[in-house]
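Please keep the sequence and the model in view while reading.

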Amino acid sequence: RSVDAIPSSGYFAVFLAAQMCAKVRLFGFYASNRHGARHHYYNTEVPSNKMRDETEFTKVQRLVRHGIVEFGDQCVEECHASRESCEECFGGESLEELAQLERWTDAMREENTRRERQWADFIKWDWKMDLQYEWDDEKGLVAIPLKRQEAMQRARDEAHRRERQSKQERRLDKQAV
């Protein structure tokens, strides 16, 4: 049986990633709002098509069972099944308690720190490419002149320094509260 509605962009992304990548781990997929999770991490929108989302979840579960993709977040299937199994999977903590802790367990915080380090390493590589080449509609991919590359690097280094400083200040503010 096929999906009953137009698939979500996330569903398309799962299949695209499965075609292009040797290993696919899904993070933030199918956290249920009935358990206190938002539909989108970036806004408070509610699901527009719950039936579609349920059908997609069933299909993605099959992909997980066959080893094509895996859930990167812990307790995804348990939390989808019921509130009780979700709380049991998270070590008996109520979802309200987890929400007060930003819904993060120690294992989730450690995994997030690891991913942040990996992302920072990736961004450094990506920035180097952005600093060396740009797209020109007539010529295609062209090299950026060295002096402009250096100015761009200085600007990005300064932005990165300010971001680190801001994160540190927020962390200190949280500790003070």
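The protein chain exposes about 13,300 Å², of which carbon and sulfur atoms supply 53%; accessible areas here come from the Shrake-Rupley method with a 1.4 Å probe, and for residues only the protein chains shown count as cover. The model is a predicted one, in which local features need pLDDT of at least 70 and side-chain atom pairs count only at pLDDT 80 or more, while totals for chains, interfaces and linings use all residues. Residues are numbered from 1 along each chain as its sequence is written, and side-chain values use heavy atoms, with hydrogens and water left out.

**Overall make-up**

The secondary structure comes to seven helices and four strands, and from the N terminus on the elements run α-β-α-β-α-α-α-α-β-β-α. Helices (H or I, at least four residues) and strands (E, at least two) are DSSP runs, numbered from the N terminus. Of the 177 residues in the chain, 25% are buried, where buried means under 20% relative accessible area, exposed over 50%, and partly exposed in between, with a 1.4 Å probe and protein chains only. Among contacts with a separation of 6 or more, 48% are between residues 24 or more positions apart, a contact being heavy atoms within 4.5 Å.

**The nonpolar core**

The largest nonpolar core has eleven residues, including Tyr-11, Val-24, Phe-57 and Phe-71; such a core is a set of buried Ala, Val, Leu, Ile, Met, Phe, Trp, Tyr and Cys residues joined through side-chain atoms within 4.5 Å. Helix H1 (9-20) and helix H2 (50-65) each supply at least two residues of this core, and H2 gives the most, with four. In soluble globular proteins, nonpolar side chains tend to be buried together. Leaving aside neighbours within four places in sequence, Val-24 is in contact with Ala-17, Ala-18, Ile-68, Val-69 and Glu-70.

**Aromatic pairs**

The structure holds two aromatic pairs, listed below; rings of Phe, Tyr and Trp (its six-membered ring) pair if their centres lie within 6.5 Å, and planes under 30 degrees apart count as stacked, over 60 as edge-to-face and the rest as tilted.

| Pair | Geometry | Centre to centre | Angle between planes |
|---|---|---|---|
| Tyr-11 and Phe-15 | edge-to-face | 5.0 Å | 70 degrees |
| Phe-57 and Phe-71 | stacked | 6.1 Å | 15 degrees |

Tyr-11 and Phe-15 both lie in helix H1, four residues apart, about one turn of the helix. Tyr-11 is buried at 8% relative accessibility, whereas Phe-15 is partly exposed at 36%. The pair of Phe-57 in helix H2 and Phe-71 in strand E2 links distant parts of the chain, 14 residues apart, and both of these residues are buried.

**Disulfide**

How many disulfides does a search of the whole structure find? It finds one, which joins Cys-75 to Cys-89 with an S to S distance of 2.0 Å, a disulfide being a pair of cysteine sulfur atoms within 2.5 Å. The link of Cys-75 and Cys-89 is left-handed, with -85 degrees about the S-S bond. Cys-75 lies in the loop between strand E2 (70-71) and helix H3 (76-81) and Cys-89 in helix H4 (residues 83-89), so the pair ties together parts that are 14 residues apart in sequence. Cys-75 is buried, with a relative accessible area of 6%, while Cys-89 is partly exposed at 33%.

**Hairpin**

Strand E3 (residues 133-136) and strand E4 (residues 140-143) run antiparallel and are joined by four bridges; two strands pair if DSSP finds at least two bridges between them. A hairpin of three residues joins E3 to E4, and Trp-135 stands opposite Leu-141 in E4.
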